[in-house]
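Here are a few notes to read alongside the fold. Please keep the viewer open as you go through the points.

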Amino acid sequence: FLMFLGEFLLGFLFYRYQTKFIEEKTKQNVLNSNKLSSKISFIQKESKMMRPDNVIKYIFLIFMTGSFDFFEFILSTYYISKFHKISGTLQTRLGGILMVFSSLLYWYLFKFPKFKHQILSIIILGLSIIILIISEFLFQTYDMILTVKNLALVIFFAILSHMCVAFNNTIEKYLIDYNFLNPFLLLTFQGIIGIVFTIICGIFENPFPALKNVYDDNSSG
């Protein structure tokens, strides 16, 4: 909740500061132009950047980037942390999944060119991820720290978390580079969507388990 609140407040403040700064600069340029136009005549045409997408797709993409931002955060910080005996570095060691999935999205959605050294790097990363996952299950068999089911769940959540980041980054790039959405305004929307999802999640999941445990253990009656 605090993360999304920060996104909303700071995103909105920076967006307003930026727009106000641009408005003041524009007024100043108009005044200078008017002074100059009294001596020289200009042929002027208003410049405007047109979005390639309609309003429905535009709103849908903004909603999806906020959703992926929320699900990535709650998977990596809340649900994975429920498995107390899991390795604290597993999420980081599976980070290659983010690079592989992001590369595939950029190649096939943005039509970026693929070079041989990049393809080789992705293949090496993919093989390393497979070896890492297999080794995790092998160590689990010997150490019996987690059950196979719980380890599989943790790995699945970690993979899903990295995929959410990849989708989020890709949609953000598309909205900013192709639909000309202000990055601070996008951050504001993500904060609003994240706050809504957090409130909904708080209805089904106890957001303050530590406080509840203290209350249950120490409250009289």
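This is a predicted model: local features need pLDDT of at least 70, side-chain atom pairs count only at pLDDT 80 or more; totals for chains, interfaces and linings use all residues.

1. A word on terms: buried means under 20% relative accessible area, exposed over 50%, and partly exposed in between (1.4 Å probe, protein chains only).

2. Residues are numbered from 1 along each chain as its sequence is written, and side-chain values use heavy atoms, leaving out hydrogens and water.

3. The protein has 8 helices and 0 strands (DSSP runs, H or I of at least four residues for helices and E of at least two for strands, numbered from the N terminus). Of its 221 residues, 31% count as buried.

4. Now to the rings: the structure holds 16 aromatic pairs (ring centres of Phe, Tyr or Trp, the latter by its six-membered ring, within 6.5 Å; planes under 30 degrees apart are stacked, over 60 edge-to-face, the rest tilted). Phenylalanine 68 and phenylalanine 167 are stacked, because their ring centres lie 5.2 Å apart with planes at 10°. Phenylalanine 68 sits in helix H2 (residues 55-79) and phenylalanine 167 in helix H6 (residues 148-177), so this pair ties together parts 99 residues apart in sequence.

5. Phenylalanine 70 and phenylalanine 197 are also stacked, at 5.3 Å centre to centre and 20° between the planes. Phenylalanine 70 belongs to H2 and phenylalanine 197 to H7 (residues 183-204), so the parts tied together are 127 residues apart in sequence.
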